[in-house]
Amino acid sequence: MTRYAILVRGINVGGKNKVVMAQLRQELTELGLEKVETYINSGNIFFTSTAPKARLVEKLEAFFEIHYPFIQSFSLLSQEDYEAELENLPDWWTKDLARKDVLFYTESLDVDKVIEKVESLELEDEVLHFGKLGIFWGKFSEESYYATAYHKYLLKMPFYRQITIRNAKTFDKIGQMIKNNKGEHNDIFR
């Protein structure tokens with residue numbers, strides 16, 4: 001059994017593209033995933049499965065296409081993937097920076113093109129780390145945030161709609177949730 005996290009792009013708390021987490025958990029359980037949990041209404045889903053990752057990706061793509069067609073991008077990472085990423089994070093990730101985000105690569109993304117685009121940016125008071133799961137991006141100061149390449153250029157980049165972003169706090173929570181193999185938080189997080 002492997003524990004996984006699905007990080008979905010395109011879910012909103014209210015209005016357009018609203019997803020009821022209790023219903024989504026039920027549907028994913030019916031799909032054959034076990035110990036399904038969610039964390040807040042922004043598309044952080046956890047489950048356990050014996051299926052190989054490639055098969056899970058196919059299954060989830062087909063599921064979202066039918067039930068939630070507005071979800072066109074997601075990241076699927078295993079507990080092993082997450083823990084390996086933790087081992088290779090740079091020292092600055094543990095420091096108290098103004099903002100820290102992870103731009104998770106999604107399953108259909110051309111990662112090499114994304115890295116090439118981001119590497120071409122001129123950084124302003126910010127730092128990057130290219131991990132296996134995504135790009136870790138730190139901004140040193142709240143005052144200079146609006147001058148950063150992150151703020152000025154990211155939204156305009158062609159790959160922006162194909163990544164899913166989580167802040168450092170959520171990245172840490174993903175780690176806690178992916179290690180929780182009991183499925184006991186279902187009712188706590190909507």
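Me: Which residue stands opposite Phe46 in β3, seen from strand β1?
Reply: The model is a predicted one. Strand β1 (residues 2-8) and β3 run antiparallel and are joined by six bridges. Within this pairing, the residue opposite Phe46 is Ala5.

Me: Why is strand β3 largely enclosed by the rest of the structure?
Reply: In a regular strand, side chains alternate between the two faces of the sheet. Here Asn44, Phe46 and Thr48 point one way, Ile45, Phe47 and Ser49 the other way, and all are buried. Strand β3 is therefore largely enclosed because its buried residues number six of the six.

Me: What are the edge strands of the open sheet of four strands?
Reply: The order of this sheet is β6-β7-β5-β8, with antiparallel pairing. An edge strand pairs on one side only, which holds for β6 (126-130) and β8 (163-167).

Me: What angle does the direction of helix α4 make with that of β6?
Reply: Five bridges join β6 to strand β7 (residues 134-139), and Val127 has Gly138 of β7 as its bridge partner. Helix α4 (residues 111-119) packs on the sheet and touches β5, β6 and β7. Its direction makes with that of β6 an angle of about 160 degrees.

Key
Residues are numbered from 1 along each chain as its sequence is written. This is a predicted model: local features need pLDDT of at least 70, side-chain atom pairs count only at pLDDT 80 or more; totals for chains, interfaces and linings use all residues. Side-chain values use heavy atoms; hydrogens and water are left out. Buried means under 20% relative accessible area, exposed over 50%, partly exposed in between (1.4 Å probe, protein chains only). Helices (H or I, at least four residues) and strands (E, at least two) are DSSP runs, numbered from the N terminus. Two strands pair if DSSP finds at least two bridges between them. Contact means heavy atoms within 4.5 Å. Axes are lines fitted to C-alpha atoms, for helices over the stretch in contact, and angles run from 0 to 180 degrees between N-to-C directions.
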